[in-house]
Amino acid sequence: MTVRESSRGDKPDLDWMLLFAAWMIALLATAGSLFFSYVMEFAPCVLCWYQRICLFPLVVILARGLLPFDRGAVRYGLPLAILGWLVAVYHSLVYTGVVPESLLPCSRGVSCMEEYISLFGWLSIPVLSVLAFTTLVAILLTLQRRASP
Amino acid sequence: MKRLIVAVSCVVVVAGFLFAANWFKGRRAERLGFLAQEYASTFVRPHSPTLGAKDAKVFIVEFTDPACETCAVFSPIVKRFMATYPEKIQLVVRYAPFHEGSSGAVRVLEAAKMQGRFWETLELLYSNQHVWTQHHQVFVDRIWQLLPQAGVDLKRLEMDMADPRIAAVIEQDLADAQTLGVRKTPGFFVNGKPLEPFGERPLAALIEAEVRAQYPD
């Protein structure tokens, strides 16, 4: 473990950078989702809320793992990222109509099919979420692999 | 080093967020200022109830939900502004029944309007909100017991509520609310300019500025 100890120093190494990148994605995604709901005033639907429940804590957990470097953050962050990814994928399927809306738990209030933004014809909010969670899971899995070669 | 990177990242993201928020709101206000000239009918429809002098040049357009508590709180505030500038302000009520079931209350209002009892009924609904709403849920059947206080003929009201024109009014107002970006109630526009930020004092400032612009003397 002496090699890994170097991550605890002050100079960023690859492991630290990876965790930093994951934290940055979680932070930007959180800022973006707050921007959608508080600045652009889009009401979040139920599925959005489940994704947020998985996303928001990652900002705190991953930051805690950065200062000082603590690989344990991956252990705690990864399950959240995977759950968030599952909901995001489900949301995208609902959004694109693959899963019929009647199967949804959110027929009341804001519809999960409500289209708020659509950049280039395909980049919707659920797709943004899938992208963010996919990257998060990929980075955290990589970190886990690097710990146990 | 690590601390510095994390701290700087936090500052950059927060600053970026605030900057983008500011830019976005500014752009929206700008865009609607233009909309106001070109598409005034989006703000005031022929069916919309209005209060105040017919030749008044300052239009306060309020997207309201009868079940919305803040709308009830703002009702006397708006009346006070109108009393401050008599003959200069017209209040236009638009519906944005965002609460579950509150379009039922809007149907009551529209049917009361057919009897010339709109403003009395609106006041009654606002001031007795606790009677017919609970935890953001609407109980339209509890409105009936109140209505005689507004001088409404219940038999006639019940028949008028089914009028398909009322459904069309609600649909039109909701469509206009969406066009104008109203997602919360009350949504205020003074001569087409959106109230931004929300609050009693910003509303007062917006009204005063518009009164001064329309009545320069």
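## Overview of chain B

Of the 217 residues in chain B, 33% are buried. The coordinates are those of a predicted model. The secondary structure of this chain comes to nine helices and seven strands. Among its contacts between residues at least 6 apart in sequence, 79% join residues at least 24 apart.

## The sheet of chain B

Five strands of chain B form an open sheet in the order β1-β3-β2-β6-β7, with mixed pairing. The edge strands are β1 and β7 of chain B, each of which pairs on one side only. In general, strands of a sheet pair through backbone hydrogen bonds, either parallel or antiparallel. Both senses are found around β3(B): strand β1 (residues 50-52) of chain B pairs with β3(B) in the antiparallel sense over three bridges, while β2(B) and β3(B) pair in the parallel sense over seven bridges.

Elsewhere, Val61(B) stands opposite Val92(B) in β3(B), and Glu62(B) stands opposite Val93(B) in β3(B). Five of the seven residues of β3(B) are buried, so this strand is largely enclosed by the rest of the structure.

## Nonpolar cores

The largest nonpolar core has 48 residues, and the members that touch the most other members are Val58(B), Ile60(B), Ile89(B), Ala105(B), Val108(B), Val190(B) and Ile207(B). Both strands and helices of chain B give two or more residues to this core: the strands are β2 (58-64), β3 (89-95) and β6 (187-190), and the helices are α3 (69-84), α4 (102-114), α5 (118-127), α8 (164-179) and α9 (200-214). A second, separate core has 37 residues, including Leu19(A), Cys45(A), Ala73(A) and Val87(A).

Which residues does Ile89(B) touch, not counting residues up to four places away in sequence? They are Gly52(B), Ala56(B), Val58(B), Ile60(B), Phe81(B) and Met82(B). Val58(B) and Ile60(B) are also among the core members that touch the most others.

## Backbone exceptions in chain B

Most residues other than glycine have a negative phi, and most peptide bonds are trans. Glu87(B), which is not a glycine, has a positive phi near 75 degrees. This residue is found in the loop between α3 and β3 of chain B. Glu87(B) has 13 other C-beta atoms within 10 Å and is therefore partly exposed, since a residue counts as exposed at 12 or fewer and as buried at 20 or more.

Asn191(B) also has a positive phi, of about 45 degrees, although it is not a glycine. Its place is in the loop between β6 and β7 (193-194) of chain B. Is Asn191(B) buried or exposed? Asn191(B) is buried, because 21 other C-beta atoms lie within 10 Å. A cis peptide bond joins Thr185(B) and Pro186(B), with omega about -5 degrees. Pro186(B) is found in the loop between α8 and β6 of chain B.

## Helix α4 and its surroundings in chain A

Helix α4 of chain A covers residues 72-96. At 1.5 Å a residue, its 25 residues should span 36 Å; the C-alpha atoms at its ends are 37 Å apart, so the two values agree. The helix has a kink of about 30 degrees at Leu78(A), shortly before the proline Pro79(A). Gly97(A) follows α4(A) and has a positive phi, near 90 degrees.

In the loop between α3 (46-66) and α4 of chain A lies Pro68(A). The peptide bond from Leu67(A) to Pro68(A) is cis, with omega near -10 degrees.

## Helix α5 of chain A

Thr135(A) has its place in helix α5 (residues 125-147) of chain A. With 17 C-beta neighbours inside 10 Å, this residue counts as partly exposed. Thr135(A) and Ala26(A) are 109 residues apart in sequence, yet their C-alpha atoms are 9.8 Å apart in space.

## Interface between the chains

Where the two chains meet, 15 residues of chain B are in contact with 18 residues of chain A. On the side of chain B that touches chain A, eight residues are nonpolar, one is polar and six are charged.

Note on methods. Residues are numbered from 1 along each chain as its sequence is written. Chains are lettered from A and ligands numbered from 1 in the order in which they are written. This is a predicted model: local features need pLDDT of at least 70, side-chain atom pairs count only at pLDDT 80 or more; totals for chains, interfaces and linings use all residues. Two residues are in contact if their C-beta atoms, placed from the backbone, lie within 7 Å. Ala, Val, Leu, Ile, Met, Phe, Trp, Tyr, Cys and Pro count as nonpolar, Asp, Glu, Lys and Arg as charged, and the others, Gly among them, as polar. Helices (H or I, at least four residues) and strands (E, at least two) are DSSP runs, numbered from the N terminus. The expected span of a helix is 1.5 Å times one less than its number of residues. The bend at a residue is the angle between axes fitted to the seven residues ending there and the seven starting there. A nonpolar core is a set of buried Ala, Val, Leu, Ile, Met, Phe, Trp, Tyr and Cys residues joined through C-beta atoms within 7 Å. Two strands pair if DSSP finds at least two bridges between them.
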